Amino acid sequence: MHEAFWLLIGAGATVVVLAPIFFALLRAAERRARAAEGEARQSQRMAELGSMTGGLAHEIKNPLSTVGLNAQLLIEDLQHAPLDEAERDRLVHRVETLRREVDRLAGILSDFLQFAGRIKLVTERRDLRTIIEEVGDFYHPQCDQSGVKMRVQLPAEPLWAMVDEGHFKQAMLNLMINAVQAMGREHDSPSEPELLITADSVGDEVHIHITDTGPGIQEDRLEEIFHPYVSHRAGGTGLGLPTTRRLIEEHGGLLAVTSELGRGTKFTITLPTATP
(Lines give C-alpha, C1' and ligand atoms only; values in the text may rest on other atoms or scores of the structure.)
Protein backbone atom coordinates (compact mmCIF):
# COMPACT_ATOMS: atom_id res chain seq x y z
CA MET A 1 0.00 0.00 0.00
CA HIS A 2 2.81 2.36 0.83
CA GLU A 3 4.42 1.67 -2.52
CA ALA A 4 1.13 2.41 -4.33
CA PHE A 5 0.77 5.63 -2.34
CA TRP A 6 4.22 6.85 -3.31
CA LEU A 7 3.57 5.91 -6.95
CA LEU A 8 0.44 8.08 -6.94
CA ILE A 9 2.36 10.91 -5.28
CA GLY A 10 5.10 10.60 -7.91
CA ALA A 11 2.60 10.65 -10.77
CA GLY A 12 0.88 13.67 -9.28
CA ALA A 13 4.18 15.48 -8.92
CA THR A 14 4.97 14.71 -12.56
CA VAL A 15 1.61 16.13 -13.65
CA VAL A 16 2.20 19.24 -11.55
CA VAL A 17 5.62 19.73 -13.15
CA LEU A 18 4.46 19.06 -16.73
CA ALA A 19 1.23 21.05 -16.55
CA PRO A 20 2.86 24.50 -17.08
CA ILE A 21 4.86 23.12 -19.99
CA PHE A 22 1.74 21.62 -21.54
CA PHE A 23 -0.23 24.85 -21.26
CA ALA A 24 2.72 26.86 -22.59
CA LEU A 25 2.90 24.58 -25.65
CA LEU A 26 -0.86 24.87 -26.06
CA ARG A 27 -0.72 28.67 -25.98
CA ALA A 28 2.20 28.67 -28.46
CA ALA A 29 0.20 26.44 -30.80
CA GLU A 30 -2.78 28.77 -30.52
CA ARG A 31 -0.56 31.78 -31.29
CA ARG A 32 0.88 30.01 -34.35
CA ALA A 33 -2.63 29.13 -35.51
CA ARG A 34 -3.79 32.74 -35.10
CA ALA A 35 -0.66 33.99 -36.89
CA ALA A 36 -1.21 31.56 -39.77
CA GLU A 37 -4.84 32.62 -39.99
CA GLY A 38 -3.78 36.28 -40.01
CA GLU A 39 -1.22 35.62 -42.75
CA ALA A 40 -3.87 33.82 -44.82
CA ARG A 41 -6.25 36.77 -44.44
CA GLN A 42 -3.43 39.17 -45.34
CA SER A 43 -2.56 37.13 -48.43
CA GLN A 44 -6.19 37.11 -49.48
CA ARG A 45 -6.45 40.87 -48.97
CA MET A 46 -3.26 41.41 -51.00
CA ALA A 47 -4.62 39.21 -53.80
CA GLU A 48 -7.90 41.13 -53.78
CA LEU A 49 -6.02 44.43 -53.72
CA GLY A 50 -3.83 43.33 -56.64
CA SER A 51 -6.87 42.31 -58.66
CA MET A 52 -8.66 45.54 -57.83
CA THR A 53 -5.57 47.63 -58.66
CA GLY A 54 -5.13 45.91 -62.01
CA GLY A 55 -8.79 46.46 -62.85
CA LEU A 56 -8.54 50.09 -61.79
CA ALA A 57 -5.47 50.58 -64.00
CA HIS A 58 -7.40 49.19 -66.98
CA GLU A 59 -10.36 51.47 -66.20
CA ILE A 60 -8.06 54.51 -66.07
CA LYS A 61 -6.13 53.58 -69.21
CA ASN A 62 -9.15 53.57 -71.52
CA PRO A 63 -10.42 57.13 -70.81
CA LEU A 64 -6.81 58.32 -70.65
CA SER A 65 -6.37 57.20 -74.26
CA THR A 66 -9.47 59.18 -75.18
CA VAL A 67 -8.05 62.28 -73.48
CA GLY A 68 -4.78 61.90 -75.37
CA LEU A 69 -6.53 61.47 -78.71
CA ASN A 70 -8.72 64.52 -78.16
CA ALA A 71 -5.70 66.56 -77.09
CA GLN A 72 -3.99 65.68 -80.39
CA LEU A 73 -7.13 66.62 -82.36
CA LEU A 74 -7.34 69.90 -80.45
CA ILE A 75 -3.73 70.70 -81.36
CA GLU A 76 -4.53 70.14 -85.04
CA ASP A 77 -7.62 72.37 -84.81
CA LEU A 78 -5.66 75.12 -83.06
CA GLN A 79 -2.97 75.04 -85.73
CA HIS A 80 -5.59 75.94 -88.36
CA ALA A 81 -7.67 78.27 -86.19
CA PRO A 82 -7.96 81.98 -87.18
CA LEU A 83 -6.00 83.21 -84.18
CA ASP A 84 -3.13 85.59 -83.61
CA GLU A 85 0.09 83.63 -84.16
CA ALA A 86 1.42 84.30 -80.67
CA GLU A 87 -1.88 83.32 -79.08
CA ARG A 88 -2.07 80.18 -81.23
CA ASP A 89 1.44 79.13 -80.26
CA ARG A 90 0.67 79.68 -76.58
CA LEU A 91 -2.46 77.53 -76.71
CA VAL A 92 -0.80 74.80 -78.76
CA HIS A 93 2.09 74.69 -76.29
CA ARG A 94 -0.31 74.22 -73.38
CA VAL A 95 -2.24 71.43 -75.08
CA GLU A 96 1.00 69.72 -76.13
CA THR A 97 2.09 69.75 -72.48
CA LEU A 98 -1.22 68.13 -71.57
CA ARG A 99 -0.78 65.47 -74.28
CA ARG A 100 2.77 64.67 -73.15
CA GLU A 101 1.61 64.17 -69.57
CA VAL A 102 -1.21 61.94 -70.77
CA ASP A 103 1.31 59.86 -72.74
CA ARG A 104 3.54 59.64 -69.67
CA LEU A 105 0.67 58.42 -67.50
CA ALA A 106 -0.32 55.89 -70.16
CA GLY A 107 3.26 54.60 -70.17
CA ILE A 108 3.25 54.27 -66.38
CA LEU A 109 0.00 52.31 -66.51
CA SER A 110 1.31 50.02 -69.26
CA ASP A 111 4.47 49.27 -67.29
CA PHE A 112 2.44 48.63 -64.15
CA LEU A 113 0.05 46.25 -65.91
CA GLN A 114 2.96 44.34 -67.41
CA PHE A 115 4.72 44.12 -64.04
CA ALA A 116 1.66 43.20 -61.97
CA GLY A 117 -0.09 40.99 -64.51
CA ARG A 118 0.14 37.24 -64.82
CA ILE A 119 2.85 36.08 -67.22
CA LYS A 120 1.93 33.11 -69.40
CA LEU A 121 4.91 31.63 -71.19
CA VAL A 122 4.71 29.47 -74.28
CA THR A 123 8.24 28.11 -74.46
CA GLU A 124 10.04 26.15 -77.14
CA ARG A 125 13.59 25.00 -77.63
CA ARG A 126 15.46 27.75 -79.46
CA ASP A 127 19.00 28.63 -80.42
CA LEU A 128 19.48 31.88 -78.51
CA ARG A 129 22.02 33.13 -81.05
CA THR A 130 19.20 33.71 -83.53
CA ILE A 131 17.08 35.62 -81.00
CA ILE A 132 20.03 37.76 -79.88
CA GLU A 133 20.90 38.64 -83.48
CA GLU A 134 17.29 39.60 -84.23
CA VAL A 135 17.06 41.85 -81.16
CA GLY A 136 20.43 43.40 -82.05
CA ASP A 137 19.35 44.11 -85.63
CA PHE A 138 16.12 45.66 -84.35
CA TYR A 139 17.81 47.96 -81.83
CA HIS A 140 20.90 48.83 -83.88
CA PRO A 141 19.33 51.96 -85.49
CA GLN A 142 18.48 53.35 -82.05
CA CYS A 143 22.09 52.86 -80.95
CA ASP A 144 23.31 54.70 -84.05
CA GLN A 145 20.89 57.54 -83.37
CA SER A 146 22.10 57.78 -79.76
CA GLY A 147 25.77 57.71 -80.77
CA VAL A 148 26.36 54.32 -79.17
CA LYS A 149 28.52 51.68 -80.83
CA MET A 150 26.91 48.23 -80.66
CA ARG A 151 28.88 44.98 -80.92
CA VAL A 152 27.46 41.46 -80.82
CA GLN A 153 29.84 38.54 -80.25
CA LEU A 154 28.37 35.03 -80.34
CA PRO A 155 29.97 31.58 -80.29
CA ALA A 156 29.99 29.23 -83.27
CA GLU A 157 28.11 26.51 -81.35
CA PRO A 158 24.34 26.71 -80.76
CA LEU A 159 23.02 28.00 -77.43
CA TRP A 160 19.90 25.94 -76.79
CA ALA A 161 17.34 27.05 -74.20
CA MET A 162 13.61 26.81 -73.58
CA VAL A 163 12.23 30.33 -74.06
CA ASP A 164 9.11 32.24 -74.92
CA GLU A 165 10.50 34.24 -77.83
CA GLY A 166 8.33 37.33 -77.38
CA HIS A 167 8.84 37.68 -73.64
CA PHE A 168 12.55 36.87 -73.84
CA LYS A 169 13.09 39.47 -76.57
CA GLN A 170 11.28 42.00 -74.39
CA ALA A 171 13.58 41.23 -71.46
CA MET A 172 16.69 41.67 -73.59
CA LEU A 173 15.35 44.84 -75.17
CA ASN A 174 14.63 46.32 -71.72
CA LEU A 175 18.25 45.76 -70.70
CA MET A 176 19.60 47.26 -73.94
CA ILE A 177 17.35 50.31 -73.64
CA ASN A 178 18.45 50.76 -70.01
CA ALA A 179 22.12 50.57 -71.07
CA VAL A 180 21.78 53.12 -73.87
CA GLN A 181 19.85 55.50 -71.62
CA ALA A 182 22.55 55.18 -68.95
CA MET A 183 25.24 56.10 -71.48
CA GLY A 184 23.14 59.04 -72.60
CA ARG A 185 23.52 60.67 -69.19
CA GLU A 186 26.57 62.83 -68.50
CA HIS A 187 29.40 60.87 -66.91
CA ASP A 188 33.18 60.88 -66.60
CA SER A 189 33.86 57.55 -68.31
CA PRO A 190 36.93 57.81 -70.57
CA SER A 191 35.48 55.14 -72.90
CA GLU A 192 33.31 55.90 -75.88
CA PRO A 193 29.66 54.83 -75.50
CA GLU A 194 29.56 51.16 -76.39
CA LEU A 195 27.02 48.39 -75.96
CA LEU A 196 28.52 44.90 -76.04
CA ILE A 197 26.37 41.75 -76.20
CA THR A 198 28.09 38.41 -75.71
CA ALA A 199 26.92 34.89 -74.94
CA ASP A 200 28.51 31.60 -74.03
CA SER A 201 27.77 28.14 -72.68
CA VAL A 202 29.04 27.30 -69.18
CA GLY A 203 28.36 23.73 -68.10
CA ASP A 204 24.61 23.18 -68.24
CA GLU A 205 23.85 26.92 -68.41
CA VAL A 206 23.72 29.62 -71.06
CA HIS A 207 25.07 33.05 -70.10
CA ILE A 208 24.15 36.24 -71.95
CA HIS A 209 26.06 39.41 -71.04
CA ILE A 210 24.85 42.94 -71.84
CA THR A 211 27.65 45.38 -71.03
CA ASP A 212 27.74 49.16 -71.33
CA THR A 213 30.41 51.80 -70.77
CA GLY A 214 28.09 54.12 -68.85
CA PRO A 215 28.62 55.85 -65.52
CA GLY A 216 28.18 52.67 -63.49
CA ILE A 217 26.12 52.04 -60.37
CA GLN A 218 27.19 52.36 -56.75
CA GLU A 219 27.63 48.98 -55.08
CA ASP A 220 25.07 49.64 -52.37
CA ARG A 221 22.46 50.39 -55.03
CA LEU A 222 22.92 47.32 -57.20
CA GLU A 223 20.02 45.43 -55.65
CA GLU A 224 17.93 48.57 -55.28
CA ILE A 225 17.60 48.98 -59.04
CA PHE A 226 15.42 45.86 -59.15
CA HIS A 227 12.91 47.32 -56.69
CA PRO A 228 9.67 48.67 -58.20
CA TYR A 229 9.46 52.43 -58.73
CA VAL A 230 13.16 53.00 -58.15
CA SER A 231 14.55 54.95 -61.09
CA HIS A 232 17.64 57.10 -61.53
CA ARG A 233 16.40 58.46 -64.85
CA ALA A 234 14.17 61.52 -65.17
CA GLY A 235 10.75 60.39 -66.35
CA GLY A 236 11.47 56.70 -65.71
CA THR A 237 8.76 54.53 -64.14
CA GLY A 238 11.19 52.28 -62.26
CA LEU A 239 9.42 49.13 -63.49
CA GLY A 240 11.63 48.18 -66.44
CA LEU A 241 14.29 46.25 -64.53
CA PRO A 242 11.89 44.60 -62.03
CA THR A 243 9.76 43.41 -64.96
CA THR A 244 12.86 42.15 -66.77
CA ARG A 245 14.04 40.17 -63.74
CA ARG A 246 10.58 38.68 -63.37
CA LEU A 247 10.50 37.63 -67.04
CA ILE A 248 13.89 35.92 -66.71
CA GLU A 249 12.90 34.16 -63.48
CA GLU A 250 9.69 32.94 -65.12
CA HIS A 251 11.98 31.20 -67.62
CA GLY A 252 13.74 29.45 -64.72
CA GLY A 253 16.74 31.74 -65.05
CA LEU A 254 18.55 34.44 -63.11
CA LEU A 255 19.39 38.08 -63.79
CA ALA A 256 22.50 39.46 -62.09
CA VAL A 257 24.37 42.75 -62.33
CA THR A 258 27.92 43.93 -61.69
CA SER A 259 29.13 47.49 -62.06
CA GLU A 260 32.11 49.77 -61.61
CA LEU A 261 31.72 53.52 -61.22
CA GLY A 262 33.09 55.40 -64.20
CA ARG A 263 33.59 52.23 -66.26
CA GLY A 264 30.18 50.71 -66.87
CA THR A 265 27.67 48.02 -65.95
CA LYS A 266 27.15 44.40 -66.98
CA PHE A 267 23.87 42.51 -66.74
CA THR A 268 24.08 38.73 -67.00
CA ILE A 269 21.16 36.49 -67.94
CA THR A 270 21.59 32.87 -66.90
CA LEU A 271 19.29 30.20 -68.35
CA PRO A 272 19.37 26.41 -68.08
CA THR A 273 20.53 24.67 -71.23
CA ALA A 274 17.82 22.76 -73.10
CA THR A 275 19.27 19.44 -74.11
CA PRO A 276 17.77 17.60 -77.11
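Which residues in α3 meet which residues in α4? I began my notebook with this contact, keeping in mind that the model is predicted.

**Entry 1: α3 against α4**

I listed the α3 side of the contact as L128, I131, I132, E134, V135, G136, F138, Y139 and C143, and I found that they meet E165, F168, K169, M172, L173, M176, I177 and V180 in α4. When I sorted the residues of this contact by kind, they came out as 13 nonpolar, one polar and three charged. I noted that two packed helices are described by the angle between their axes and the distance between the axes, and I looked up both values here. Helix α3 covers residues 128-145 and helix α4 covers residues 165-184, and the two pack at an angle of about 40 degrees with their axes 10 Å apart. I therefore wrote down α3 as oblique to α4. I also recorded that the crossing in which α3 passes α4 is right-handed.

**Entry 2: α4 against α5**

From α4 the contact takes H167, F168, Q170, A171, N174, L175 and N178, while α5 brings G240, L241, T244, L247 and I248. The residues of this contact divide into six nonpolar, six polar and no charged. I looked at α5 on its own as well, and its buried residues are L241, P242, T243, T244, R245, L247 and I248. After α5 comes G252, for which I noted a positive phi, near 80 degrees.

**Entry 3: the nonpolar cores**

Which members of the largest nonpolar core touch the most other members? I found that the core has 39 residues, and that L128, F168, M172, M176, L195, I208 and I269 are the ones with the most such neighbours. At least two residues of this core come from each of α3, β3 (160-163), α4, β4 (194-202), β5 (205-212), α5 (240-250), β6 (254-260) and β7 (264-272). The most comes from α4, which gives nine residues. I followed I208 in particular, and, leaving aside its neighbours within four places in sequence, I208 is in contact with L128, I132, F168, M172, T198, A199, F267, T268 and I269. I also came upon a second, separate core of five residues, which includes A71, L78, V92 and V95.

**Entry 4: R129**

Is R129 buried or exposed? I located R129 in helix α3, and because its relative accessibility is 19%, while buried means under 20%, R129 counts as buried. Leaving aside neighbours within four places in sequence, I found R129 in contact with L154, P155, A156, E157, P158 and L159. I also checked R129 against T198: they are 69 residues apart in sequence, and their C-alpha atoms are 9.7 Å apart in space.

**Entry 5: the whole chain**

Last, I stepped back to the protein chain, in which I counted five helices and seven strands. Read along the sequence, these follow the pattern α-α-β-α-β-β-α-β-β-α-β-β. The chain has 276 residues, and buried residues make up 32% of them. Of the contacts with a separation of 6 or more, 72% are between residues 24 or more positions apart.

Notes. Residues are numbered from 1 along each chain as its sequence is written. This is a predicted model: local features need pLDDT of at least 70, side-chain atom pairs count only at pLDDT 80 or more; totals for chains, interfaces and linings use all residues. Side-chain values use heavy atoms; hydrogens and water are left out. Axes are lines fitted to C-alpha atoms, for helices over the stretch in contact, and angles run from 0 to 180 degrees between N-to-C directions. Helices (H or I, at least four residues) and strands (E, at least two) are DSSP runs, numbered from the N terminus. Angles under 35 degrees count as roughly parallel, over 145 as roughly antiparallel, 65 to 115 as roughly perpendicular and the rest as oblique. A crossing is left-handed if the near helix is turned anticlockwise from the far one by less than a right angle, and right-handed if clockwise. Contact means heavy atoms within 4.5 Å. Ala, Val, Leu, Ile, Met, Phe, Trp, Tyr, Cys and Pro count as nonpolar, Asp, Glu, Lys and Arg as charged, and the others, Gly among them, as polar. A nonpolar core is a set of buried Ala, Val, Leu, Ile, Met, Phe, Trp, Tyr and Cys residues joined through side-chain atoms within 4.5 Å. Buried means under 20% relative accessible area, exposed over 50%, partly exposed in between (1.4 Å probe, protein chains only).
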